[in-house]
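Colleague: I would like to learn how to read a ligand site and then a sheet. Could we take them in turn?

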Amino acid sequence: MKAKLTFSKSFPIGDVDPRLYGSFIEHLGRAVYGGIYEPTHPAADDMGFRRDVLELVRKLGVPIVRYPGGNFVSGYKWEDGTGPRSLRPRRAELAWKTIETNEIGIDEFQEWAKRANSEVMMAVNLGTRGPEEARELVEYCNFKGGTYQSDRRIKNGFKDPFNIKTWCLGNEMDGPWQMGAKTAVEYGRTANEAAKLMKWVDPSIELVVCGSSGSGMATFGKWEATVLDHTYENVDFLSLHSYYGNRDNNTENFLACSLNMDQFISSVVSICDYVKACKRSKKTMMLSFDEWNVWFHSNEADKKIAPWQIAPPQLEDVYTMEDALVVGCLLITLLKHADRVKMACLAQLVNVIAPIMTQNNGVAWMQTTFFPFMDASLYGRGKVLAPALDSPKYESSYGDAPYVETVGVYNEEKEEFTVFAVNRSLTEDMEMDIDLRDFPGFAPKDYHILTASGMKVTNTAEHPWDVLPMALPLPEMDGGIAKPSLPPHSWNVLVFGKKKD
Ligand code: AHR
């Protein structure tokens, strides 16, 4: 098969906000306990954080990590995770039916984030709690001193404020599974009052208000419009969440699910702009896709996990090669909306539907999905250019899908242009003509791919290297046209750089 692709600096989509490569750590399963934190592990540092995990997180280049939930946050008392550990309560955690020891809280997590070269995206509980507790948390984290909560922080050993900039106003408040779920009007009013109080404590913070927990919710659309009607001028981002799975074991169809994400984002952009027009507002609402991933492998196993354990192995999806391709397509889709999607969180980061896995008291390793995420995070910074693509297509339940999913990111500072591309064909090479005549003096610099002998190949503790990136010979260039041949079912990263004289 053949496809043609042209990129021009004259057709930018938008600048990538580095927070597009965010991720998520929830108090769920073994994400915290046995994941980022295991004081008895040989690799534990002075605070009990696993150094092997920190090293992998740093490799991924994750600039922001959402915390502490997720569904967990809707019943969370943030004070439980502060101050002397001996005084912290154990609680029955209702979202995931576990026992929460509160050994880790914001006191420790903000330090972990620093060690991971990351920032915290902090979520507040608007389920069982409200604006009062939310503003107190902002005071605890960001106020310099001389008030009840900021002095408590100082007493707990943190003289300097945590200066957390990005905050989520609750989590999936439309979902009946959520503790303290609300109607759009109830949530819109609560979120707006919380937003006002939080920003009065610290006007420099940015706020994410909850959109629907998925585009399949019966209230999708109306929820966004109503919530924004109440909150528009006091918030900065609207959230989107979406998870995908190959439930009917149809790989070609599964690979097309990014079309659903694309449509979801476009619809939410339209709703935001509708509210903007109704309000004659000057402000354009940005989007935070703060939960996205493949999630389905562990669904059945999770039903068999007994309740009320500490850190049971929940949501431990073992990712395949085809999942990595889907993650690649989803990353490309997020980039194609870089003008409006300014933040996104791969949900999640360690052990729980995660690119990084650990054994308790054992090894840490990279799942298949680690690699496309790392590539996008490392090479996908700069200006996104619109792909003018002419590719053969196939029918899928998500619509007609091009065999090639692609986007380009121009890093002006580094004089580098990177093309990300997935060949969705399971059987055929894709002969590409990539027109780069708008990049005079650029030549291929690096070409690497991710593929495997079969679509169900995984990386596990016993076989951690079965799916690994592989360097390919640099593609030929002919009069400014690069001519790579993308292997079947592959994730491709083609880096072009300015030739030095
Ligand atoms: O990421 C797992 C869960 O998915 C989160 O807790 C929740 O927000 C979503 O439904």
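Modeller: Start with the shell, bearing in mind that this is a predicted model.

Colleague: Which residues are around the ligand?

Modeller: They are F24, E26, G70, N71, W96, N171, E172, Y243, E291, W295, Q348 and I353.

Colleague: What is the distance from an oxygen atom of the ligand to an N or O atom in the side chain of E172?

Modeller: For polar contacts, look for pairs of N or O atoms within 3.5 Å. With the side chain of E172, an oxygen atom of the ligand forms such a pair at 2.7 Å. The side chain of N171 has an N or O atom 2.9 Å from a ligand oxygen.

Colleague: How much of the ligand does the protein bury?

Modeller: The ligand taken alone exposes 280 Å², and 95% of that is buried by the protein. The space that the ligand takes is the largest pocket.

Colleague: Now the sheet. In what order do the seven strands of the open sheet come?

Modeller: Strands of a sheet pair through backbone hydrogen bonds, in parallel or antiparallel fashion. Here the order is β2-β15-β19-β20-β27-β22-β23, with antiparallel pairing. β2 (12-15) and β23 (470-471) are at the edges; each has a single partner strand, so one side of each lacks a neighbour in the sheet.

Colleague: How many bridges join β20 to β27?

Modeller: Eight bridges link β20 (residues 416-423) with β27 (residues 490-498), and the two run antiparallel. To follow one of them, take T418, whose bridge partner in β27 is V495.

Terms used: Residues numbered from 1 in each chain as written. Predicted model: local features only at pLDDT ≥ 70, side-chain atom pairs only at ≥ 80, totals over all residues. Heavy atoms only, no water. Near = heavy atom within 4 Å. Polar contact = N/O pair within 3.5 Å; in protein donor to acceptor, adjacent residues only side chain to side chain. Areas by Shrake-Rupley, 256 points an atom, 1.4 Å probe, with all protein chains shown as cover. 1 Å grid on protein atoms, 1.4 Å probe; cavity = no way out; pocket = protein on both sides within 12 Å on 5 of 7 lines; lining within 4 Å. Sits in = over half its atoms within 2 Å of the grid points. Pairing = 2+ DSSP bridges. Helix = DSSP H or I, 4+ residues; strand = E, 2+ residues; numbered from the N terminus.
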